[in-house]
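Reader: Can you walk me through this model? Keep it quick, please.

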Amino acid sequence: MTGAQPFARERKLALWNVLIAITALFVGSWFGPLQALEHAGINLYKWLAPGIQSYYQGLTIHAVLNALVWTTFFIVGFLTLTVTYPLKRPLRYPWVNTLALVVMALGLVIAAIPLLLNEATVLYTFYPPMKASSLFYLGLTLVVVGSWIAGYGFFFTYLAWRREHPGERTPFLTFASLVTMVLWQVATLGVAAEILGMLLPWSLGVLSGVDSQLARTLFWFTGHPLVYFWLLPAYISWYGMLPKQAGGKLFSDLMARLAFWLFLLLSIPVGFHHQYVDPGVPPVWKYLHAILTLSVVFPSLLTAFTVIASLEMGARARGGKGLLGWVLKLPWKDPSFTAQALAMILFAFGGISGITNASYNVNLVVHNTIWVPGHLHLTVGSGVTLTFMGILYWLLPHLTGKQLWNRKVALAQAWTWFIGMIFFSNAFHLLGLHFGVPRRTALGAAPYNMPEWRPFQIEAAIGGTILFVSLLLFIAEVVGTLWASKPAEKPVEMPIAESLDDPRRAPAFLDQWRPWLAGVVLLILLAYGPILYEMLRTAQFNTPGWRVW
Ligand code: HAS
């Protein structure tokens, strides 16, 4: 199905997207160990000046490239294939998706200039009153607009297929990819309003000030569903591909579809869980968003159950026995599988710290402490990133027609990421929880740095160093596969898992967009409408910009 010529353009687009993503990850990751070492009292930043002028510039580049660029480019590339292959249909308008890539790449270059010149050291959340060069906001806007265009390309393709196949059930991978893209299109309306309505005109001098509370609210309208935009492509692989790689089937197509619909419905109206301490938001809205946040945990719990059941079936089919003995029969020698299985285990702990964050009163203990980067490294830094690496271990051979360069190196990469992240995230969580150590702070230079913190800071530095070694192994694997590997003996195909239940027997509402989209609009209006109206009504655009670093 995915053989030689039919999807040549899709494969080319996917390859360009993932190569840009990998480059961003490579550049951004250099700053990870620098930060961990800085916290442990070893400041290597002073050797980087004047190129990189501060810890804060390094942290901004690290988070923008790793959290925003690596993810978005990888996802757009990956979804280009997960939309089209299962439909057995090429993109309806390939030029739309080519345009998307060009716009995204242009945006990246435009945003990179001020980032590298220390003109956009505002961290990846770019909260005002910290103010960046207008190029930074413009560049980010183009990346988002480009990804929207990619989404339109997917929607046109789906609509063309729908016309050709009336009444047919959308294949799971395509369905899940479309939900991911719709979620993204709705979610990014918040940040689009923030940048186009406030930050860009402010940075160009058209507006003399902004309303910081309104800006933060619009940012988090996008900011939380953003994390599900990162997560859902990993779930696409865990549900729709990993069972096949483990020798089994998807335990329930129905549950998988339900989980994706629930993400679409529930993941947007939850942004105030990032703003529990914001004085300008009345508590009633925070409670409402807390309840909805705990509701959006449910599809992840559904995923844990369904995916583990699917893996267990695969392992038992391979001769696995006993209550837990079957785990040993999973294909641990396959780096693509292993990276993703280890990513899941780390993600389960990230989920636990997420539920802790979401609990309104407990959040007051950990908010703005280094616990939060502990959480985000287990989620986007492991559940997502290690899964994407695992996907690349079949995707690169698929796209290039070459063998994976060295399976042992790839396996070592997955395990070192796992081990490095255990040290790193454990240290960050404990520092935040026990000592209230602040996040986003050059702790090595802080006069209040306590001796009690030191053992954990060293643990984090060890973890960060192991993670960096793992990153280098990953890059070696990518470079080796691209330039030093032999042609594959037989084509490597996308692993597509069959489902145990018959998707055609699932209730029709699981394949109908209208009721779910209506639910999305309604819930957003309920959870954001009145408070946003109030914020807009009382907005005061009088906060001047600050350049802190
Ligand atoms: Fe979060 C802050 C709440 C999930 C990312 N989060 C962040 C930030 C980031 C982030 C980047 O309520 C920092 C933002 C900033 O800079 O300020 N988060 C949650 C909750 C969840 C959650 C309730 N977060 C994620 C995901 C992310 C992510 C996913 C990225 C991809 N988060 C918060 C809150 C804050 C926050 C507050 C604000 C904190 C503050 O005060 O600032 C949930 O969706 C998590 C549900 C997940 C689970 C885990 C299910 C487990 C599965 C795997 C099973 C497989 C196993 C392996 C066990 C319940 C699916 C089996 C393997 C075999 C081999 C058999």
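Reader: Fine. What should I know about the source?

Author: This is a predicted model, where local features need pLDDT of at least 70, side-chain atom pairs count only at pLDDT 80 or more, and totals for chains, interfaces and linings use all residues. Residues are numbered from 1 along each chain as its sequence is written, and side-chain values use heavy atoms, with hydrogens and water left out.

Reader: What do E312 and R316 form?

Author: A salt bridge, with the closest N and O atoms 2.8 Å apart. The term means a side-chain nitrogen of Lys or Arg within 4 Å of a carboxyl oxygen of Asp or Glu.

Reader: How many salt bridges does the structure hold?

Author: It holds 9. R216 and D278 form one of them, with the closest N and O atoms 2.8 Å apart. R216 lies in helix 9 (residues 212–240) and D278 in the loop between helix 11 (253–266) and helix 12 (283–317), so the pair ties together parts 62 residues apart in sequence.

Reader: Are R216 and D278 buried or exposed?

Author: Both are buried. D278 has a relative accessible area of 5%.

Reader: Leaving aside neighbours within four places in sequence, which residues is D278 in contact with?

Author: Q213, R216 and K286. Contact means heavy atoms within 4.5 Å. The C-alpha atoms of D278 and T217 are separated by 9.6 Å, and these residues are 61 apart along the chain.

Reader: What about K249 and E498?

Author: Their side chains meet in a salt bridge, 3.7 Å from N to O. K249 is in the loop between helix 10 (242–245) and helix 11, while E498 is in the loop between helix 17 (454–483) and helix 18 (513–537), so the pair ties together parts 249 residues apart in sequence. K249 is partly exposed, at 34% relative accessible area. E498 is exposed, at 53%.

Reader: Now the core. How many residues has the largest nonpolar core?

Author: It has 183, and those with the most contacts inside it are F74, F126, F136, F260, L395 and F474. Helix 4 (residues 55–87) gives the most to this core, with 21 residues. Such a core is a set of buried Ala, Val, Leu, Ile, Met, Phe, Trp, Tyr and Cys residues joined through side-chain atoms within 4.5 Å.

Reader: And what is L395 in contact with?

Author: V18, F74, F78 and L81, leaving aside its neighbours within four places in sequence.

How values were computed: Helices (H or I, at least four residues) and strands (E, at least two) are DSSP runs, numbered from the N terminus. Buried means under 20% relative accessible area, exposed over 50%, partly exposed in between (1.4 Å probe, protein chains only).
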